[in-house]
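Morning, everyone. I'll take a few minutes on one model. Please have the viewer open.

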Amino acid sequence: MTSFALHLLRHGAPLLAGRMLGHHDAEVTAGGIAACARQARRLPPVDRLIASDLTRTRRCAEAIGTPRLDPRWRELDFGAWDGLAASEIDAAALARFHDDPDASPPPGGERWSALVARVGAAIDELAPVPTLVVTHGGAMRAALAHLCGLSLAATWAFDLPYAALLSLTVWEGAPRRAQVSELRQCDR
C-alpha cells in the first residue's frame, strides 16, 4: 500500500493573539515566522509546500519556500465573532459553540462539519508525495478528524500551539487513512 508524509504546520503567533481569528486576515509576528522556518528545517525534504491564503500562514510559508495557496486550508470561519476576543462574545453563545460547533456555529459562521469537509477535500486531492501544509489549528484538527476518524473531542487531545508541527503518514485508498507520526511543538 502506498503512503506519503503529510506535515501540518500551524502558523506562528499572530499580532492579534488571543482572538477568534478564523478568516480575519491578521499579520504574524517576526518571531512567529522564524519559529515556523525552524520547524520546517527539521523536516526531511518535501515535494510540495501548500499554505492557507491568509497572511499569517502565507508569510510563514514564504519563509520556507514558494507555497501554492489553497483557501480550503483556512481556519474555521467565525462569522460575526471573527477578530473578537472571547470576552467580547456572549458567554452562553460561546459555551454552546464549544459544546457543539455543528449545532451552534457562530452567527454567520461555519459549522465544524463544513470545515472537516473542506479540509478533507483538500487532503483527498493531494498527490501521494511528501507535503508540508502551513495552516491553522482548526484545520489541523479537521485533518485529524478526516484522516484518523477522530471525534471533535478527541482532536482536542492534541496541544497545537503556534508553530506546532504535526506529521502524519497517509495511506492511499478510498478513503485515505493516516496515523500520527510525530507532534513537535516549537522550541522557544
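I'll go through a pocket, a helix and an arginine. One caveat: this is a predicted model.

The largest pocket has a volume of about 620 Å³. Its lining counts 26 residues, and closest to the centre are Arg10, Glu75, Phe78, Gly138 and Trp156. What is the class make-up of the lining? There are 14 nonpolar, seven polar and five charged residues. Which helices each supply at least two lining residues? Those are H3 (91–99), H4 (112–124) and H5 (137–148). H5 gives the largest share, three residues.

Now helix H3. Ala93, Leu94 and Phe97 are buried there. Down the axis of H3, the buried residues fall within an arc of 100°, so they line one face of the helix. The background is simple: an α-helix has 3.6 residues a turn, so residues three or four places apart point the same way. What sits on the face of H3 turned away from the buried side? Ala91, His98 and Asp99, which are exposed.

Last stop, Arg118. This arginine lies in H4. Buried or exposed? The relative accessible area of Arg118 is 16%, and the cut-off for buried is under 20%, so Arg118 counts as buried. Its side chain reaches the backbone oxygen of Glu75 at 3.2 Å. Leaving out residues up to four places away in sequence, Arg118 touches His23, Pro71, Arg72, Trp73, Arg74, Glu75, Leu76 and Glu110.

That's my tour. Over to you.

Notes. Residues are numbered from 1 along each chain as its sequence is written. This is a predicted model: local features need pLDDT of at least 70, side-chain atom pairs count only at pLDDT 80 or more; totals for chains, interfaces and linings use all residues. Side-chain values use heavy atoms; hydrogens and water are left out. On a 1 Å grid over the protein atoms alone, a cavity is a set of points where a 1.4 Å probe fits but cannot get out, and a pocket is an open set with protein on both sides within 12 Å along at least five of seven lines; lining residues have an atom within 4 Å of a point. Grid points are joined across faces, edges and corners, and a volume is the space filled by probe spheres set on the points. Helices (H or I, at least four residues) and strands (E, at least two) are DSSP runs, numbered from the N terminus. Ala, Val, Leu, Ile, Met, Phe, Trp, Tyr, Cys and Pro count as nonpolar, Asp, Glu, Lys and Arg as charged, and the others, Gly among them, as polar. Buried means under 20% relative accessible area, exposed over 50%, partly exposed in between (1.4 Å probe, protein chains only). The arc is that of the directions from the helix axis to the C-beta atoms. A polar contact is a pair of N or O atoms within 3.5 Å; within protein, one must be able to donate a hydrogen and the other to accept it, and residues adjacent in sequence count only if both atoms are side-chain atoms. Contact means heavy atoms within 4.5 Å.
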